[in-house]
Amino acid sequence: MSNRMWGGRFSEGPDAIMEEINASIDFDKKLYAQDIRGSKAHAEMLAARGVLSAADAEAIAAGLDEIGAEIEAGRFTFSRALEDIHMNVEASLKERIGEPAGRLHTARSRNDQVATDFKLWVRDTVDHLHDQLTALMQALLTRAEEHAGTVMPGFTHLQSAQPVTFGHHMMAYVEMFDRDRGRLADARRRLNECPLGAAALAGTSFPIDRHMTAASLGFDRPTANSLDSVSDRDFALEVLAAAAIAAVHLSRLAEEIVIWSSAQFRFVRLSDKFSTGSSIMPQKRNPDAAELVRAKSGRIIGGLNALLIVMKGLPLAYSKDMQEDKEQTFDALASYSLVVAAMTGMIRDMTVNIEAMRAAAGSGFSTATDLADWLVRAGGIPFRDAHHVTGRIVGIAAERGIELADVPLADMQGVDARITEAVYDVLSVDDSVRSRTSYGGTAPANVAAMAALWRDRLGA
Ligand code: ARG
């Protein structure tokens, strides 16, 4: 049987393989609520413009509501032969209300319809992700408030660099996830123009009111160019790009959690709820959730790449290639949502091992920079020379297997006679972090002030 929706020119139905490659209903049924919402807005506008009778518009709206409720309740039977969500809904409407259903598609095409539905879906998802990121930031902020003064090693090259505080480290991610929220908000602002009424590609000769449908669907305005309206998938690409960057942040934090929770580091302990055991090694507590957050960044970045590649060679306007936008976007954004939720749970639940962090912070000559800075301040020595002097003192400590603070004064003076007893005041990790009061630095007082500022912005 040829397709009831466009079969006028066809005498034969599609090959089974054609149906399989062409049908999108298996995944685009996710858009049912947006499709119904868009159709109701369109019908209402057509009636307001006298293109549809009020009675037809009412019958259409009632029928669409019925379909929505059936899909919601899982009682609707989707048909692959009808290709996609748009035609499944319209065919079902026809069965319910008869002829007026056939008038719904006046001054509209599936091309502007799908662009509208998909935009509405992406917009809803962006709003949800934004809220989820806020919850993650609140979880990080709570840990930062608790640990504004908890000393830990700061690393560069994963080698001990200078002591920082755990609160400072948590707040670093608050900044990152705030930028990720900002990227979502930017994308949302740009996507919020309504393509409905662009029709197939050229606009329509019917006297439609695109401003009316745009407003009733919560868009700021209609899109300005009909060709662009049905060709544009920037809105999905931009959100996927924002997702990919956030996924990189989440993956880096996940990697740190994997390192921190190892038996060699013991900086944090994940809760039972966010750990798994080994079927053979009884001692194991594996950070699977963190590993999967790290891994799913691959899927999210992959989704962005896949859609960029789908779009890059398409002439204007619509091509069926664009149907491939949905699975990638659905999967990537579902993964994004899942990893944010998992990370929020891990951060909320994890136990912070203050002693292990403190012990590690003091090892690896982490206050060597403090010694060099002291030489500059107290001895008036140029920093480059101070660096050299300090390097020699670190050499003595390393050779004897002791910490910097345990190198006797006489030995320090043997390297540079200007060193006095007062140097020992800067060699502890607490002194080190307390001294880092420059704006944005790790001093516990700074961290507490920054956390208070964020608490104000984010709420409880
Ligand atoms: N299922 C299609 C999609 O997702 C809907 C648009 C179909 N338009 C067309 N001209 N065949 O892109």
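**Reading salt bridges, a ligand site and a surface patch**

Author: Asp325 is buried, with a relative accessible area of 0%. The model discussed here is predicted.

Reader: Which residue forms a salt bridge with Asp325, and how far apart are the closest N and O atoms?

Author: A salt bridge is read from a distance: a side-chain nitrogen of Lys or Arg must lie within 4 Å of a carboxyl oxygen of Asp or Glu. Here the partner of Asp325 is Arg233, and their closest N and O atoms are 2.7 Å apart. Arg233 lies in the loop between H9 and helix H10 (234-260), whereas Asp325 belongs to helix H12 (residues 325-349), so the pair ties together parts that are 92 residues apart in sequence.

Reader: Is Arg233 buried or exposed?

Author: Burial is judged by relative accessible area, with under 20% taken as buried. Arg233 has a value of 1% and is therefore buried. Asp325, at 0%, is buried as well.

Reader: How is a pair within one helix to be read, and where are Arg183 and Asp180?

Author: For such a pair one considers the spacing along the helix. Arg183 and Asp180 are three residues apart in helix H7 (residues 166-191), which means that about one helical turn separates them. They form a salt bridge in which the closest N and O atoms are 3.2 Å apart. Asp180 is buried at a relative accessible area of 0%, whereas Arg183 is partly exposed at 26%.

Reader: What is found for Arg294 and Glu255?

Author: These two residues also form a salt bridge, with 2.5 Å between the closest N and O atoms. Arg294 is part of helix H11 (residues 288-311) and Glu255 of helix H10, so this bridge ties together parts that are 39 residues apart in sequence. Both residues count as partly exposed: Arg294 has a relative accessible area of 29%, and Glu255 has one of 32%.

Reader: Which residues do salt bridges that share partners join into one network?

Author: Glu83, Asp84, Arg110 and Lys320 are joined in this way. The count for the model comes to 28 salt bridges.

Reader: Which residues surround the ligand?

Author: A shell is read by listing its residues and then sorting them by class. The residues around the ligand are Ser24, Asp28, Asp84, His86, Arg110, Asn111, Val114, Tyr318, Lys320, Gln323 and Lys326. By class, five are charged, four polar and two nonpolar. Helix H6 (residues 110-146) supplies the largest share of the shell, three residues.

Reader: Which polar side-chain atoms lie at what distances from nitrogen or oxygen atoms of the ligand?

Author: Tyr318 has a polar side-chain atom 2.5 Å from an oxygen atom of the ligand.

Reader: How much of the ligand's accessible area does the protein cover?

Author: Cover is expressed against the area of the ligand on its own. That area is 340 Å², of which the protein covers 86%.

Reader: Which residues form a nonpolar patch on the surface?

Author: Leu201, Leu227 and Leu316 form this patch, and together they have about 270 Å² of accessible area.

Conventions
Residues are numbered from 1 along each chain as its sequence is written. This is a predicted model: local features need pLDDT of at least 70, side-chain atom pairs count only at pLDDT 80 or more; totals for chains, interfaces and linings use all residues. Side-chain values use heavy atoms; hydrogens and water are left out. Patches are made of residues with over 30% relative accessible area and no salt bridge: like charges are joined within 9 Å, nonpolar side chains (Val, Leu, Ile, Met, Phe, Trp, Tyr) within 5 Å. Accessible areas come from the Shrake-Rupley method with a 1.4 Å probe; for residues, only the protein chains shown count as cover. A residue is near a molecule or strand if one of its heavy atoms lies within 4 Å of it. A polar contact is a pair of N or O atoms within 3.5 Å; within protein, one must be able to donate a hydrogen and the other to accept it, and residues adjacent in sequence count only if both atoms are side-chain atoms. Helices (H or I, at least four residues) and strands (E, at least two) are DSSP runs, numbered from the N terminus. Ala, Val, Leu, Ile, Met, Phe, Trp, Tyr, Cys and Pro count as nonpolar, Asp, Glu, Lys and Arg as charged, and the others, Gly among them, as polar. Buried means under 20% relative accessible area, exposed over 50%, partly exposed in between (1.4 Å probe, protein chains only).
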